[in-house]
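Please walk through the structure below with the following account at hand. It takes up one group of elements at a time.

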Amino acid sequence: MTINALQTVVQSIASLGQPLPLIASGLVTRFDGQIIECDGFPVSVGSICHVHLPDGFPIQAEVIGFRDGRNLAFLYDQNADIEVGALVTVANNGRQIAVGPGLLGRVIDAQGEPLDEGGSIELEDSWPLHGKPINPLQRRAIAEPMDVGVRSVNALLSIGRGQRVGIVAGSGVGKSVLLSMMTRFSDADVIVVGLIGERGREVGDFVERSMGGQARHKICVVAVPADRAALLRIRGANRATAIAEYFRAQGKNVLLIMDSLTRVAHAKREVGLALGEQPTAKGYPPSVVSMIPNLIERTGTGGEGEGAITSIYTVLADGDDTTNDPVVDTARAILDGHIVLSRKHSQLGIYPAVDLTASVSRVMNDIIPDPHQKAAVKFKRLVSVYMENRDLMLMGGYAAGQDPELDLAIALWPNITAYIKQAANEPATFKDCQQDLISLMGE
C-alpha cells in the first residue's frame, strides 16, 4: 500500500462520517537485508508490524529496538522486495498468543498457523508469549518419577515430573530417534514438541514417526525449520514453552521437548550481532547467555493446583565437544541433569547410545527407592569399569582373577548391553525397568 493509497482510504472513511482510526505508522529509511529502519512511532519491542510492498501485499516484521529516534524491525521474510519509503504500520503487540485444547494433534508454525492439513484451529484462550512469572517459593517439589518409555533413562537416569534435562550429543548418534521414543511412549497428559531450526526433511520424519496411534491426540508440534528467519525460530521456542505453560496451568502433566536449544541460541546470536552486540564467548553475544536461563526457568513444577512441565532440551555438541561449548556450559549449569549420547556407544551398536558415565540426573535419588538406587549405582559402576579397561582386554593385557569387579563386569557385559539396548518401536514402562534392573544386579 503506497502513501497515496492510504490517503485515499482515509478520505473514503471521512466521507462516510465515521471517526478516523488512529494508525501508528512510519516510512522505511534504511534496509540492510535483514533489519529495516523506519520513522519512529509509538511501539514496544516485540510488536509485529506490516511492511507494505509495492504490489500491495504486506509482509511481517518484528520490532527489536530503537536507534536515534527510529524504529528497528527484523523482517520475517528476508527475500522481500523492500523499497525506501515503504509504509510500516503496527499489526499487534505480539505479546499474546491463542491457546486451547484445539492445539492437540496439530502441527503449527511460529505464528500459530497450521502446517498440517487439519484446517483452521479454533482457540478461545490466550497466554503471554513470554510466560507468567512464578514465585520460586510457591513451586512444588519434584517428588515422583516421570515415565519416558526409554529403559536406560527410566532405570539409570530417572527423571522426575517437573525436571529440566538436557540431551547433549553430536550429530548422527540417535538423538532424533530417542526423542521420538519419548514422545510416543511417555505417560504425560500433554506433549509439546518444539522443532526449532531443524532440516525440513527431519521435521516431516519426526511428525510421521511420533504422531501416530493414540499418542497423536495429546501432542502439539511447533515446527520452525532452519530456513525461517531468526526471530521466527526464537518466537517458535517461546510459543512452544507458552503452550506448555498454559496446559500446566490447567493441571496437566506436560512433557516439553525442544529440539534444539542450540538452534535457538544460534538464532539469538544472529539477532544480537545484527544489532551490533559484541561476540564475547566463542562468537556468542551476551544476550544468548541471558536468554537460555530465561527460557528454561519458565518450565518445571507449578504452584498448588497446577501441573508440571518436564522439559527435555537437545544441545548440539560441535565436534562431540561436550565441555567447551558456551551453550552446553550454560545449559548444563541451569538444567537439573543431562544425558550425553556417545559416538563410541553408537559404534558398538548400543542404541540408545547413552553414556552413563558422563550423564547425571540431579533429582534421581529423591524420587526412587533405595533398592533401585543401589542397583543403578552398581550398574553404572560396572559399565564404567568395563569401558575403562576395554582396550586393555582387547590387547590381551588382562588375566581373569586380577580384579573381581572387572571380572563381574565382563561376566555380566552381555546382559548389561542387552538391558541398555532398546528398539525404536519397543516401549519400556518405568515399573518394568525398575524391577528388571534390581533383578539383574541382584539387589
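In this predicted model, Ser176, Val177, Leu179, Ser180, Thr183 and Arg184 of helix 3 meet Glu202, Phe206, Arg209 and Ser210 of helix 4. Sorted by class, the residues in this contact of helix 3 with helix 4 are three nonpolar, four polar and three charged. Helix 3 spans residues 175-185 and helix 4 spans residues 200-210; the two pack at an angle of about 35°, and their axes are 9 Å apart. The crossing of helix 3 past helix 4 is right-handed.

Six strands form a closed barrel in the order 1-2-5-4-3-6, and the pairing is antiparallel. On average, and with direction ignored, neighbouring strands of this sheet are turned by 45° against each other.

Strand 2 covers residues 35-39 and is mostly covered itself, with four of its five residues buried. Strand 2 pairs with strand 5 (residues 70-75) over five bridges, in the antiparallel sense. In this pairing, Asp39 has Arg70 of strand 5 as its bridge partner.

Strand 5 leads back to the loop that lies between strand 4 and strand 5, where Asp68 is found. Asp68 is not a glycine, yet its phi is positive, at about 55°. Is Asp68 buried or exposed? Asp68 is exposed, because its relative accessible area is 76% and the exposed class begins over 50%.

Helix 5 (residues 230-249) lies across strand 3 (48-52), strand 4 (58-67) and strand 5, and runs at about 90° to strand 4.

The cysteines come next. How many disulfides does the structure hold? The structure holds zero disulfides. Cys49 is in none, and the nearest cysteine sulfur, that of Cys38, is 6.7 Å away. Cys49 counts as buried because its relative accessibility is 1%, which is under the 20% limit. Cys220, at 0% relative accessibility, also counts as buried.

Two peptide bonds are cis. The one joining Asp259 and Ser260 has an omega of about 10°, and Ser260 lies in the loop between strand 15 (253-259) and helix 6 (261-274). The other runs from Tyr351 to Pro352, with omega near -5°; Pro352 is placed in the loop between helix 9 (343-347) and strand 19 (360-361).

Asp336 counts as buried because its relative accessibility is 16%, a value under 20%. Which residues is Asp336 in contact with, leaving aside neighbours within four places in sequence? Asp336 is in contact with Ile142, Gly162, Gln163, Arg164, Ser361, Arg362 and Val363.

Key:
Residues are numbered from 1 along each chain as its sequence is written. This is a predicted model: local features need pLDDT of at least 70, side-chain atom pairs count only at pLDDT 80 or more; totals for chains, interfaces and linings use all residues. Side-chain values use heavy atoms; hydrogens and water are left out. Buried means under 20% relative accessible area, exposed over 50%, partly exposed in between (1.4 Å probe, protein chains only). Two strands pair if DSSP finds at least two bridges between them. A disulfide is a pair of cysteine sulfur atoms within 2.5 Å. Contact means heavy atoms within 4.5 Å. Axes are lines fitted to C-alpha atoms, for helices over the stretch in contact, and angles run from 0 to 180 degrees between N-to-C directions. A crossing is left-handed if the near helix is turned anticlockwise from the far one by less than a right angle, and right-handed if clockwise. Ala, Val, Leu, Ile, Met, Phe, Trp, Tyr, Cys and Pro count as nonpolar, Asp, Glu, Lys and Arg as charged, and the others, Gly among them, as polar.
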